[in-house]
Amino acid sequence: MPEIHATRRRALRERLHTAELDALLLTDLLNIRYLTGFTGSNAALLVHSDGDERTVFCTDGRYTAQAEAEVPDLRKIIERPSALALAREADRQLARGALGFESQHVSVEEHASFVDVAESVTLRRAPELVERLREVKDDAEIEDLREACAIADRALADLLESGGLRPGRTEREVARDLENRMAEHGSEEPAFRTIVATGAHSAIPHHRPTDAVLETGDFVKLDFGAVVNGYHSDMTRTIVLGQPAQWQRELYELVAAAQEAGTQAARPGREVAAVDAAARSVIAEAGYGEQFSHGLGHGVGLDVHEAPRLAQTGVGTLSACMAVTVEPGVYLAGRGGVRIEDTLVVREGTPEILTLSTKELVVA
């Protein structure tokens, strides 16, 4: 889809003009994929502010054929190390111009090497220019996210319908089962290390699966996602094995109410901190504010955790077509916890929820 990538590079060039940069040297592979479509493990990209005629893509000899197929519309250099090769290219082309670099991704050592080979340019920090572009998704990105979410939904439905979530199984067995089912439905890989947390483990927000055995009466927290064309889904559901106790019902209903409040607050123009507050206030008013120990959510896309950040300390506002998660939780140490999470797309009016598995309290 060279036209999509060319459109994204045009949008980046507008930001280069605003930042008074003649070019930007990109070294982050996700940003390079976003701008070119390249999926290999080594690359660099030199984007010029005056157009694609002078923009250069670089990779090494392992990816010559792949680069021809995936990046047909840019001039290519085959050399390693690729970033250093493009720093030299910038030195030849810019002649006392301003060269931006992704300071959030470049090591001190790598920066020193750029200084050594690009003596005629002024190196300037240019953090997160592409990440800010990536916050707002285009139609192709949203379709990939939608399919990734649908795969996760189907995998969970299969797991429940087959009796795969039952007493006697271990957390690790359930996690492997869920990941295998996502793969069967077309996921390229798990979006992240799947979380399966039973009983008291469900009160640990990012518990890693162990050989702990699922038991009747447990909360079981499942946090998982699929990947389609590099785009990640992210969903959490909390299930009860057997009939829930009253405290479990009450805790679940509280988190569900907070999740609904956060979802409805996720609208264009809203401050990200205000979206967090909409959900957090529901939990705090019930007396569990200290047991909601993380931010409300985050952007999703080529990375499972990307901008924007929905949190008390988050900065910025939501825009239409941002893809974010809304995932409040309450965690009672030693007893159990509940988190409910959806991936959604911010729209004018009601957000589009992409993860469609039921949020009613499921009894397995």
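In which sense, parallel or antiparallel, do strands S1 and S5 pair, and over how many bridges? Before I answer, please keep in mind that what we are looking at is a predicted model.

S1, which covers residues 23-26, pairs with S5, residues 98-101, in the parallel sense, and the pairing runs over 3 bridges. Within that pairing, Leu 25 of S1 stands opposite Phe 101 in S5. S1 also pairs with S2, residues 44-48, but here the sense is antiparallel and there are 4 bridges; the bridge partner of Leu 24 in S2 is Val 47. As for the side chains of S1, Ala 23 and Leu 25 point one way while Leu 24 and Leu 26 point the other way, and all of these residues are buried.

Let me turn now to a pair of helices. H9, residues 246-265, packs against H10, residues 272-285, at an angle of about 160°, and their axes lie 8 Å apart. Because angles over 145 degrees count as roughly antiparallel, H9 is described as roughly antiparallel to H10. The crossing of H9 past H10 is right-handed.

Which residues make this contact? From H9 they are Leu 254, Ala 257, Ala 258, Ala 261, Gly 262 and Ala 265, and from H10 they are Val 275, Ala 278, Ala 279, Val 282 and Ile 283.

Notes. Residues are numbered from 1 along each chain as its sequence is written. This is a predicted model: local features need pLDDT of at least 70, side-chain atom pairs count only at pLDDT 80 or more; totals for chains, interfaces and linings use all residues. Side-chain values use heavy atoms; hydrogens and water are left out. Buried means under 20% relative accessible area, exposed over 50%, partly exposed in between (1.4 Å probe, protein chains only). Helices (H or I, at least four residues) and strands (E, at least two) are DSSP runs, numbered from the N terminus. Two strands pair if DSSP finds at least two bridges between them. Axes are lines fitted to C-alpha atoms, for helices over the stretch in contact, and angles run from 0 to 180 degrees between N-to-C directions. Angles under 35 degrees count as roughly parallel, over 145 as roughly antiparallel, 65 to 115 as roughly perpendicular and the rest as oblique. A crossing is left-handed if the near helix is turned anticlockwise from the far one by less than a right angle, and right-handed if clockwise. Contact means heavy atoms within 4.5 Å.
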